[in-house]
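Hi everyone, thanks for coming. Let me put today's model on the screen, and then we can walk through it together.

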Amino acid sequence: MNENELTAALLAAERQLQDAQRNGDTGELGRLLHDRLIAIGPDGARYTKGDDLAAYRSGSSVIETLTQESLEHLLVGTTGVTFVVCAVTGTFGGAPMSARLRYTRTWSHSEDAGWQIVAAHLAIL
């Protein structure tokens with residue numbers, strides 16, 4: 001893939017991720033999250049892919065609305081970073097939440113898996 005194709009695929013993966021979050025689609029989330037994912041949540045805690053998927057499956061994390069306000073990206077070879085601000089309502093850790101969140105996601109691209117998130121950080125704005 002050339003740089004333009006990688007960029008288009010990265011932005012498509014970001015859209016797919018947001019759709020999967022809105023829909024609680026753990027199959028799609030499982031495809032987009034790398035097995036070695038490390039994420040820092042808005043509470044400052046460290047989470048893995050398994051933690052994230054388990055929270056969606058159990059209902060302790062439910063996204064009712066997720067509206068993208070801005071999106072920037074950076075591409076260096078087969079590493080991409082998306083910087084997204086979203087207005088989010090739902091449940092996090094079993095507690096109601098309504099906030100503007102800044103997501104910073106580091107993606108890795110492989111021919112076999114496509115784009116997958118290897119690291120993420122969420123901050124409440």
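I'll start with the ground rules, then take the sheet, and end at the pocket.

This is a predicted model, with local features needing pLDDT of at least 70, side-chain atom pairs counting only at pLDDT 80 or more, and totals for chains, interfaces and linings using all residues. Residues are numbered from 1 along each chain as its sequence is written, and side-chain values use heavy atoms, leaving out hydrogens and water.

So, the sheet. It is open, with 6 strands in the order β2-β1-β6-β5-β4-β3 and mixed pairing. Strands here are DSSP E runs of at least two residues, helices are H or I runs of at least four, both numbered from the N terminus, and two strands pair if DSSP finds at least two bridges between them. At the edges, pairing on one side only, sit β2 (46–48) and β3 (62–76).

Look at β3 and β4 (residues 79–92): they run antiparallel, joined by 13 bridges. One to click on is His-73, whose bridge partner in β4 is Thr-82.

Now, the pocket. For us that's an open set of points on a 1 Å grid over the protein atoms alone, where a 1.4 Å probe fits, with protein on both sides within 12 Å along at least five of seven lines; lining residues have an atom within 4 Å of a point. The largest pocket is lined by 31 residues, with Gln-21, Asp-52, Tyr-56, Phe-92 and Leu-122 nearest its centre. Which strand gives the largest share of that lining? That's β4, with 5 residues.
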